[in-house]
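Q: I have a model open here and would like to go through a few spots in it with you. Can we take them one at a time?

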Amino acid sequence: MQNHPVYTDNDPQNELSTLNLGPTHPATHGVFQNVLQLDGERIVSGVSTIGYIHRAFEKIAEHRPFYQITPLTDRMNYCSSPINNMGWHMTVEKLLGIETPKRVDYLRVIVMELARISDHIICNGVLGVDTGAFTGFLYMMEHREFIYEIYEEVCGSRLTTNIGRIGGFERNFNAIAFSKLRKFLKDFPVTLKEFESLFNRNRIFVDRTKDVAAVTAEDALNYSWSGPLLRAAGVDYDVRAMNPYSSYEDFEFEVPVGTNGDVYNRFLVRNEEMWQSLRIIEQALTKLEKEPTDIFHADVPEFYLPPKEEVYNNMEALIYHFKIVMGEVPTPTTEVYHSVEGANGELGFYLVNDGGRSPYRLHFRRPSFINYQMYAPMSRGMLLSDAIINMSSLNVIAGELDA
Amino acid sequence: MGKITNEELLTKISDKFQDQFTVVGEPFGLLTLETSREQIIDILTFLKNDPALQFIYLTDITAVHYPELEKQIGVIYHLHSLVNNVRIRLKVFLVDGDVQIPTATNLWNGANWMERETYDFFGVIFDGHPDLRRILNVDDMTAFPMRREFPLEDPNRVDKKDYFFGR
């Protein structure tokens, strides 16, 4: 991890300077504070301080009914909130034993893969900006904007999506959503290819990223890394492949792995994941052609809110509406752990239920929180400018870090 | 499902630790064991280093507070064997007022922040932890906010009275 002699604090030969990197430094892309001891431009030691935007989601979740926890999950990894939403819905569905129809699963896969692409666009684009290339970021940003337009067609909002409900979606995908999706599948590969040719063999970019912050597979596993970072270090752990959820077992895709876990490997892994996500979305669209077009939620009236006009005109719907809103539907007293492959790694939900309307305890296993703790130890002996790039490629999202 | 079943897993652990743990159940196929704080590190070490099991991946450490139980604080470990693709959940219950448990940081570096988070929110003291400080809350906080008795909103606030909201 280090290829430079590291001086200790009490070495009289060296005068160390202290640098407060963050909490609001433009290069850190969020509220991260690291107090670094510098010897010239080399980092001798660092201490990370986190918690600047801690909002006590786990505490709030103990006071909210299940369906009101979805907006909280939005605000964790806000670059790919649909994955968080879906992960939460699937956790509750697992708890309640709800089987979702295949069409719902495929629609969810489409939304989740779009979210993964938009998250990787940010990460890799910003990595380019930090190494001095702004163009790639702008090219890619146009398509992230387009992904947000697709979200808008599906759920009405863009960043904090609150997409889907327990049991399925709140409404069906409309024709515009599908046409935009096809346009995205046509346009985005062109840009992604252009983006790759801008960077992959770019001398400046490769010099800045290759062998920077290389992490061995043992270290990565020891620090419980997951997601693209772990895969860049050479471990092919992907929750989608290992514990398939939402019918991921029906899809054919590859899990890209790197070799030495440096910044360049992480960049390549994320790029390849975007190609794989496009592949998955294409397969999902093909599979959807064989499914009935009017199903967008599971048939679980005791958990899925009925349409409003039925509430006014239909006795049964009114009863269910009342029971759901008042939280009077019995739920099993048990505990469940469910994880999905978030854009940054294994996003887990540990839900302890006591049969009430809200969770007894809900814990989020947040990949950014767990991935970030290696940042200070791995920065030792690194150049300050490399540490900045390393932070971009870790893709730590402050909302997910602090929950 | 994984390459080894929960029964095989349980047999392996029983052979080594006969009566030092109890089986809580298998909710949703996830084998859940309860043990004591004296045994937890031995069991974790065994699970991590056993060549057939290889629970090398520490998924999560957290806690749950049950005020009505005699042993109020439950520390929960989630482990994952990537080779066998099987998960296991371990629980240790601690009496309030004596919330000390040995640290798992000697086994996994990743346990560091997970244990700090658990300390921050539940006040569980991890013995031998290299740097047990608060992590998400401010350093001078005195309460452990994820315990059940801690209110969601500050009852002393004067700007959020019910009559402001017509309640």
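Predicted model: local features only at pLDDT ≥ 70, side-chain atom pairs only at ≥ 80, totals over all residues.

Q: Which element is Gly399(A) in?
A: Gly399(A) lies in helix H17 of chain A, which covers residues 398-402.

Q: And what does Gly399(A) touch, leaving out residues up to four places away in sequence?
A: Its contacts are Ile53(A), Arg75(A), Met76(A), Asn77(A) and Tyr78(A). As for Asp74(A), 325 residues separate it from Gly399(A) in sequence, while the C-alpha to C-alpha distance between the two is 9.3 Å.

Q: Switching to helices: how do the axes of H3(A) and H4(A) cross?
A: The axes of H3(A), residues 81-96, and H4(A), residues 102-130, come within 7 Å and cross at roughly 140°, which means that H3(A) is oblique to H4(A).

Q: Which residues meet there?
A: From H3(A), Pro82(A), Ile83(A) and Met86(A) meet Arg108(A), Val111(A), Met112(A), Ala115(A) and Arg116(A) of H4(A). By class, the residues of this contact are 6 nonpolar and 2 charged, with no polar ones.

Q: Okay, how many residues of chain B are in contact with chain A?
A: There are 24 residues of chain B in contact with 29 residues of chain A.

Q: Which element of chain B gives the most to that side?
A: Strand S3(B) does, with 6 residues; the elements giving two or more are S3 (57-65) and helix H3 (111-122) of chain B.

Q: And the classes on that side of chain B?
A: The side of chain B that touches chain A has 15 nonpolar, 8 polar and 1 charged residues.

Notes: Residues numbered from 1 in each chain as written. Chains lettered and ligands numbered in written order. Axes fitted to C-alpha atoms, helices over the stretch in contact; angles between N-to-C directions. Helix = DSSP H or I, 4+ residues; strand = E, 2+ residues; numbered from the N terminus. Parallel < 35°, antiparallel > 145°, perpendicular 65-115°, else oblique. Contact = placed C-beta atoms within 7 Å. Nonpolar A, V, L, I, M, F, W, Y, C, P; charged D, E, K, R; others polar.
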